[in-house]
Amino acid sequence: AARLAGDLITGELTPPRGADPAELIGQAESWAGCVDAAHVNDCLLATARMSNLAAAALMRGTGLEPVMQFSLRHRNRIALQSDLLGAHAVGVRGLVLLSGYDLRVGSDPEAKESGDLRTAQAIGLTRRFSDQGRFFNGARPDSAPHLLVGAVESIGPGDPEAQVARVEAKIAAGVQWLQVQGAFDIPTAVAWYDAMFRAGIHERARLVSAVIPFRSLERLHVLDRVPGIRIPAEAWARMRVRDDESEGFDMAHEVAAALRDHPAVSGVHIRPFGWEEVVPPLAGALRPVAIPVG
């Protein structure tokens, strides 16, 4: 993740709903060498899961580089600083700061949100922590973490030009790169990246485009209920004609291939949402093929 080159490919691992790390380690081992890094999400969909800091530490032993997501939904500034220090200590260098899904969609809707930090505020404080060696209160730590600070962005409906200002605000706060949430509609996504390119966003923050492979029409219905994900009519039509995981794979590959070469895009992020075994073949299909000369 540290290099953020144009051919960057990352995946997203979800920590288990239990204390046994065997499946997580197996997934990480199968991804090592296929992707450049793996995001470790943070209580995905507001559901209690294994600590992603523990998961990242376990992943380091497999040779797969972790990128940690930190949700501000359940983490105040003391907890965030503690986790930033811990992340650096176990070898994490890339991170994503995000607000997190609404608690009402998760496993414990009666839980209380932290409400301590807004995303832009957390970005600025984390950049200062990393760049200047200052705790959020201004004091100096015994040793500072050094981190590449990212956030998330969505390709929303409406005029893409109007969405540039929202991205500009995150860059002004200190974001160095953005994971752009999963796209299904290629023309809409291309128009969004075109607007970012015209504004020069790609020169100030790297944009990594997420794709979401799915294995069935049933799974598409599940994804359709995830906040922030919009399924276009074409995807529904294609899956009704061929309700098969190969069709879901093909659609994800088509989106990733179309966006990977866009001049504003620095790489592709694969979000499998429970279909972790698709990541190695999809990453392999996206890798440039070396053509022998002579």
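**View 1. Phe 129, Phe 135 and Phe 136 form a cluster linked by ring pairs.** Rings of Phe, Tyr and Trp (its six-membered ring) count as a pair if their centres lie within 6.5 Å. A search of the whole structure finds four such aromatic pairs. Keep in mind that this is a predicted model, where local features need pLDDT of at least 70, side-chain atom pairs count only at pLDDT 80 or more, and totals for chains, interfaces and linings use all residues. Residues are numbered from 1 along each chain as its sequence is written, and side-chain values use heavy atoms, leaving out hydrogens and water.

**View 2. Phe 184 and Phe 214 make a tilted pair.** Their ring centres are 6.0 Å apart and their planes meet at 45°; planes under 30 degrees apart would count as stacked, over 60 as edge-to-face, and the rest as tilted. Phe 184 sits in the loop between β6 (177-180) and α6 (186-198), and Phe 214 in the loop between β7 (206-211) and α7 (217-224), so the pair ties together parts 30 residues apart in sequence. Helices (H or I, at least four residues) and strands (E, at least two) are DSSP runs, numbered from the N terminus. Phe 184 is buried at 13% relative accessibility, and Phe 214 is buried at 1%. Buried means under 20% relative accessible area, exposed over 50%, and partly exposed in between (1.4 Å probe, protein chains only).

**View 3. Trp 192 and Tyr 193 meet edge-to-face.** Here the ring centres are 5.0 Å apart, with the planes at 85°. Trp 192 and Tyr 193 are both buried.
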